[in-house]
Amino acid sequence: MESSDHKFKPESLMMSYGYKPALSEGAIKSPIFQTSTFVFKSAEEGKAFFEVAYGIREKRASEELGLIYSRINNPDLEILENRLTLWDEAEECAVFESGMSAISTVLLEFLKPGDLLLFSTPLYGGTDHFIHDFLTKIGVHSVSFKPGQERGDIEKIIDATGHGERLAMIYIETPANPTNSIIDIESCSRIAAKYSTGTKKVFVAVDNTYMGPLWQRPLKHGADFSLYSATKYIGGHSDVIAGAVCGSKEVITRVKTLRTFLGNMAAPHTGWLLMRSLETLKVRMEQQAINAEKVAIFLETHPKVEKVYYLGFIKPGSKEHEIYKRQYSSPGAMLSFDVKGGEAEAFKLLNSFKLIKLAVSLGGTESLAEHPATMTHIGVDPAHRKEMSITEKLVRLSVGVENYEDIIWDLGQALDKI
Ligand SMILES: *Cc1c(COP(=O)(O)O)cnc(C)c1O
């Protein structure tokens, strides 16, 4: 957004962008528009709104999409969507009632029977399940690759399926959960370009839940979709389930059309909660990253800890570090570590915390710890789990906004119990 010659930063616009107080009795904050439908001023106006909503004609230059019905649009969702575009510098955004509904809607809209989907592993359990159990049922082929595999290896994997000419989407999660392995988005978009033809574009979708929207901007690296579980950092308070996807006007229009008919848009109250969350997004995430660094340094030298998986510890000079420098502006606030021992030692630790909560999910204001091998990643094939270093000794930590001395104290006293 421009104000004469000054371009405001996203964090400065999170309190006001896209909201006009004059339309809401001067209220400084957007009310919750808890309404299912909207009254038209005239039949002609209703007709005009429907013409635009159904794509019967293009919007005129000064015309705004009229409010019709809350499954199609609602002010709380529209303002939220406008604000979310600022972080990703996207043309458009669509918000959903969960991260999974954002992900499944994008996959359903851009894949059809006979198509090939290439995806990175490990993926979020829900996404993995949707690909294997649902997309397979409707005849979508899928094949995976691993972090660290080079472009040439990945192209061989695609070609070996025999469906390379039907490659329709590359879907990646970076950094991978829970071990923070990173995948090169630019390299994936080059693969997508190679398999695109004049009549078929191969799309690149990135689940940006772990590092977005602050520290990774997938669209800048050639991705077509930046997807979020807004339940995590965007919501940030562990009190709402929501999702979002950012991209070009063209792709998000398609996503919103399918959303209208699946009916999985976010509710007005969800939109309002997320707008409130966005005001503090940057300060929360920055504090979480500061805390995570202190915690990582503490764990790295602790005698009961074998290994720490943290982006800040990637070795300078390595190939991974080159991708890290290009793709991320912070090491983030998610880390994992191996305790010395196995499940018994990891469980002893998890059962001994006094401040850190034992729960799945991430990105909230409170620190959360969990055991991937028996919880979030229990569905992953055991051999694959081992290959990805998701073993019995691994503990995942989402670092919150508490005073880091307290988080470190809690980790220290719990590690002493092992
Ligand atoms: C939580 C999560 C999801 C799913 O989001 P919901 O809001 O729970 O539906 C998808 N991807 C990642 C990386 C997640 O952490």
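Buried means under 20% relative accessible area, exposed over 50%, and partly exposed in between, with a 1.4 Å probe and protein chains only. The model is predicted, so local features need pLDDT of at least 70 and side-chain atom pairs count only at pLDDT 80 or more, whereas totals for chains, interfaces and linings use all residues. Residues are numbered from 1 along each chain as its sequence is written, and side-chain values use heavy atoms, with hydrogens and water left out.

View 1. Phe261 counts as exposed because its relative accessibility is 54%. Phe261 belongs to helix α8 (residues 249-262); helices (H or I, at least four residues) and strands (E, at least two) are DSSP runs, numbered from the N terminus. Together with Phe40, Phe50, Tyr54 and Ile56, Phe261 makes a nonpolar surface patch of about 540 Å². Patches are made of residues with over 30% relative accessible area and no salt bridge, with like charges joined within 9 Å and nonpolar side chains (Val, Leu, Ile, Met, Phe, Trp, Tyr) within 5 Å. Accessible areas come from the Shrake-Rupley method with a 1.4 Å probe; for residues, only the protein chains shown count as cover.

**View 2**

View 2. Strand β11 (residues 334-339) is antiparallel to β14 over 5 bridges, and Asp338 stands opposite Leu394. Strand β13 (residues 368-370) also runs antiparallel to β14, joined by 3 bridges, and Glu370 stands opposite Arg396.

**View 3. Salt bridge between Glu89 and Lys220.** A salt bridge is a side-chain nitrogen of Lys or Arg within 4 Å of a carboxyl oxygen of Asp or Glu, and the structure holds 24 of them. In the pair Glu89 and Lys220, the closest N and O atoms are 3.3 Å apart. Glu89 lies in the loop between α3 (75-88) and β3 (92-96) and Lys220 in the loop between β7 (203-207) and β8 (225-229), so the pair ties together parts 131 residues apart in sequence. Glu89 is partly exposed at 49% relative accessibility, while Lys220 is exposed at 54%.

**View 4. Salt bridge between Arg326 and Glu186.** The side chains of Arg326 and Glu186 meet at 3.6 Å, N to O, in a salt bridge. Arg326 lies in helix α11 (residues 319-327) and Glu186 in helix α7 (residues 185-195), so this pair ties together parts 140 residues apart in sequence. Arg326 is partly exposed at 27% relative accessibility, and Glu186 is partly exposed at 25%.

Definitions and conventions. Two strands pair if DSSP finds at least two bridges between them.
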